[in-house]
Amino acid sequence: MAALGRGAAFLRFLRSNTQVLCRCGKPAGCTLARWRSMATSVAVGGSLCAVPFTQAPSLSHESLIRRAASLVTDSSNTFLSQTTLALIDAITEYSKAVHTLVALQKRYLASLGKLSQAEEDSIWQVMVGQRAEISDRQEECKRFEAVWINAIRLCETAAEAAYTSGAEHASITMQTNIQLARSQAEEARNFSRDADKKLVEAKALEVQASAQRAAALEKSDEDVPEAYLRED
């Protein structure tokens with residue numbers, strides 16, 4: 001407060017001297033503009049600091065809207081990129097799970113009669129767990145598919161808003177990213193369709209494996225009494 005008081009007093013001193021000099025005559029090399037420039041310096045904290053008189057640039061509503069539209073397209077593009085990546089990863093994991101199940105079923109069918117009952121049961125339990133994982137992966141694909149569709153719609157709206165607001169470059173970039181995301185998602189769906197075909201094969205192998213497993217268990221139950229009779 002004391003520093004501000006000294007600054008205000010100094011400013012009044014300069015202004016009074018300026019008025020006196022204007023009435024009494026101007027010294028050589030001194031002008032009223034120069035004295036006014038000196039008067040814009042105030043003492044703060046015992047030192048002089050210049051107070052700049054800069055005028056803020058005036059931004060029109062149109063330019064502000066264009067900037068806002070560009071920000072919307074940037075955030076929408078980030079959302080689309082993340083959802084596309086999530087969808088592709090979910091489809092990839094689903095495809096892997098299906099191929100793993102088919103391989104396990106084929107191995108199980110080939111090993112029937114060659115492995116012990118405990119080993120066959122162990123493989124069977126792994127197959128049961130793999131079927132549960134496939135179900136979880138399918139639900140994950142559906143969930144990310146729904147989010148991805150909403151992201152596409154959001155980006156289309158953002159691109160249209162950017163175009164109508166005059167941000168043509170942002171609109172064109174957004175439309176390009178939409179096309180790229182659709183292309184990547186369609187390529188991933190091709191893997192999903194192949195996995196669906198494999199899943200049909202897996203279900204057929206499951207029926208075959210279940211029938212052979214039941215027959216093997218039935219035969220095992222029938223062999224036990226005969227073994228006891230031979231021992232008697």
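1. **Ground rules.** The model is predicted: local features need pLDDT of at least 70, side-chain atom pairs count only at pLDDT 80 or more, and totals for chains, interfaces and linings use all residues. Residues are numbered from 1 along each chain as its sequence is written, and side-chain values use heavy atoms, with hydrogens and water left out.

2. **Overall make-up.** The protein has five helices and two strands. Both kinds of element are DSSP runs, numbered from the N terminus: helices are H or I with at least four residues, strands are E with at least two. Along the sequence the pattern reads α-α-β-β-α-α-α. The protein has 232 residues, and 28% of them count as buried. Buried means under 20% relative accessible area, exposed means over 50%, and partly exposed lies in between (1.4 Å probe, protein chains only).

3. **Helix 3.** Helix 3 has 51 residues and reaches 75 Å from its first C-alpha to its last. That is close to the 75 Å expected at 1.5 Å a residue. The expected span is 1.5 Å times one less than the number of residues. Glycine 113 follows helix 3, and its phi is positive, near 85°.

4. **Helix 4.** Now take residues 117-164, which make up helix 4. Helix 4 has 48 residues and spans 71 Å from first C-alpha to last, close to the expected 70 Å. After helix 4 comes glycine 166, with a positive phi near 100°.

5. **How the two helices pack.** Helix 3 and helix 4 pack at an angle of about 160°, with axes 7 Å apart. Axes are lines fitted to C-alpha atoms, for helices over the stretch in contact, and angles run from 0 to 180 degrees between N-to-C directions. The two helices are therefore roughly antiparallel. The cut-offs are under 35 degrees for roughly parallel, over 145 for roughly antiparallel, 65 to 115 for roughly perpendicular, and oblique for the rest. The crossing of helix 3 and helix 4 is left-handed. That word applies if the near helix is turned anticlockwise from the far one by less than a right angle; clockwise would be right-handed.

6. **The aromatic pair.** How many aromatic pairs does a search of the whole structure find? It finds one. Tyrosine 108 and tryptophan 124 form a tilted pair, 5.4 Å centre to centre, with 55° between the planes. Rings of Phe, Tyr and Trp (its six-membered ring) pair if their centres lie within 6.5 Å; planes under 30 degrees apart count as stacked, over 60 as edge-to-face and the rest as tilted. Both tyrosine 108 and tryptophan 124 are buried.

7. **Charges over rings.** The charged end of arginine 131 sits over the ring of tryptophan 124, 5.3 Å from its centre. Likewise, the charged end of arginine 143 sits over the ring of phenylalanine 144, 5.2 Å from its centre. To count, NZ of Lys or CZ of Arg must be within 6 Å of the ring centre and within 35 degrees of the ring normal.

8. Alanine 162 is in helix 4. At 0% relative accessibility, alanine 162 counts as buried. Arginine 66 is 96 residues away in sequence, but 7.0 Å away in space, C-alpha to C-alpha. Arginine 67, in helix 3, is 95 residues from alanine 162 along the chain, with 9.3 Å between their C-alpha atoms. Is arginine 67 buried or exposed? Arginine 67 is exposed, with a relative accessible area of 52%.

9. Valine 98 lies in helix 3 and is buried, at 0% relative accessible area. Its C-alpha is 7.8 Å from that of alanine 202, 104 residues apart along the chain. Leucine 104 is also in helix 3. Leucine 104 counts as buried at 15% relative accessibility. The C-alpha atoms of leucine 104 and valine 126 are separated by 8.1 Å, with the residues 22 apart along the chain.
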